[in-house]
Amino acid sequence: MTERTAGDPSGIDAPLADLRARIDAVDGELIELLQRRLALVSEVGEIKGRHGVPIYAPEREKAMIAAKRVMAQERGLSPDFIEDILRRCMREAYTHEKNMGFTRQAPDLGPVVVVGGRGRMGALFARMLTLSGYEVHVLEREDSPADAARMLAGAGLVVVSVPIKDTVRVVSELPTLPADALLVDLTSTKREVMAAMLAAHPGPVLGLHPMFGPDVDSLAKQVVAAVPGRDPEASRWLVEQIRLWGARVHEVSAEDHDAAMGLIQALRHFSTFAYGWHLSQEDHDLGELLTLSSPIYRLELVMVGRLFAQNPELYYDIITASPDALALIERYHGRYGEAIELLRQGDREGFVARFGQIGEWFGEHAGAFLAESRTLLAHADANR
């Protein structure tokens with residue numbers, strides 16, 4: 001028996017070692033290239049900051065991705081693979097750019113006061129406004145009425161970022177603000193809060209709802225709902241400032257906002273709560289459920305489980321914030337019962353007919369969602 005066959009019967013160790021070393025070398029080159037790319041991104045961010053250009057440029061991103069997909073195809077590479085890499089690079093770039101600073105859209109604005117600025121969302125907005133060059137002060141519940149009055153006396157912008165259940169009360173208890181101060185809230189329901197702000201302050205009023213959590217890496221591509229209150233011209237600078245941060249601002253009425261949030265937030269959170277409760281009562285081994293789950297079911301379990309790693313009081317407040325939410329959930333409960341009845345009666349044709357009607361309502365979005373979900377599932381499977 002030779003030395004080669006004794007230690008390596010198949011004779012592949014040496015060529016594999018050589019190939020792996022070369023792959024490691026290429027990986028090192030990739031890391032150096034990515035470092036160079038981020039350095040260029042920093043320069044781009046500085047220029048954008050000086051000239052008041054938003055960090056998110058959708059048309060530039062779209063054109064760049066399209067061009068690189070063609071280049072990948074020409075080189076025999078998967079366009080989807082290259083797009084995945086580039087989108088991850090861009091996400092890191094947006095995170096990198098968010099610390100570059102931004103042009104101040106209201107150069108003559110007085111100090112900004114964030115009521116509840118030590119909370120996570122309030123702190124995020126305080127930070128972004130500071131990066132944009134504004135003088136920012138934080139007002140908390142432990143501050144005395146005299147301190148609050150002094151801090152708010154010269155304010156140019158007052159942002160209320162407190163728990164949902166406290167927002168109307170906090171707004172109604174604000175001391176008199178300067179007539180030209182812009183009063184803003186960051187609450188996820190709008191009708192009652194907008195009415196309270198309009199009653200409490202005769203000056204400009206704007207409702208905002210950040211459609212993201214305070215732990216986002218960057219505001220690029222995030223959505224902020226904007227509800228006009230009073231004197232929209234006086235709040236235009238803030239809308240543009242948010243766009244500079246990379247977010248997309250969607251203007252909507254308080255009524256339409258709250259109706260949409262009932263479906264997007266209240267109903268979904270309640271359904272997730274009920275499903276999580278049911279899973280816990282069935283008490284099957286969660287590890288085994290995860291092991292047996294395909295990527296899509298694992299992802300669904302992940303999305304359910306993440307809710308229960310967060311503040312339960314916050315989610316109760318979100319679910320119950322709108323007076324219309326309970327009626328919406330009860331309608332859902334009724335339709336759930338109708339769906340169960342189809343199964344109880346063995347009504348295959350009825351089920352298929354309802355399925356088709358729902359598919360028609362989704363329309364062309366159903367196919368688009370199928371394609372989008374494949375990308376999400378590929379990422380979920382890769383991270384498993």
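View 1. Phe351 and Phe355 sit 4 residues apart in helix H15, so about one helical turn separates them. This is a predicted model, in which local features need pLDDT of at least 70, side-chain atom pairs count only at pLDDT 80 or more, and totals for chains, interfaces and linings use all residues. Residues are numbered from 1 along each chain as its sequence is written, and side-chain values use heavy atoms, leaving out hydrogens and water. Phe351 is partly exposed at 42% relative accessible area, while Phe355 is exposed at 59% (buried is under 20%, exposed over 50%, partly exposed in between; 1.4 Å probe, protein chains only).

**View 2. An edge-to-face pair, Phe125 with Trp245.** The ring centres lie 5.9 Å apart and the planes meet at 75°, so Phe125 and Trp245 pair edge-to-face (rings of Phe, Tyr and Trp, the last by its six-membered ring, pair if their centres lie within 6.5 Å; planes under 30 degrees apart are stacked, over 60 edge-to-face, the rest tilted). Phe125 belongs to helix H5, and Trp245 to the loop between helix H9 and strand S7, 120 residues apart. Phe125 is buried at 4% relative accessibility, and Trp245 is buried at 1%.

**View 3. The buried face of helix H14.** Look here for Ala325, Leu328, Ile329 and Leu342, the buried residues of H14. Seen down the axis of H14, these buried residues fall within an arc of 115°, so they line one face of the helix (the arc is that of the directions from the helix axis to the C-beta atoms). On the other side of H14, you will find Leu326, His333 and Arg344 exposed.

Note on methods
Helices (H or I, at least four residues) and strands (E, at least two) are DSSP runs, numbered from the N terminus.
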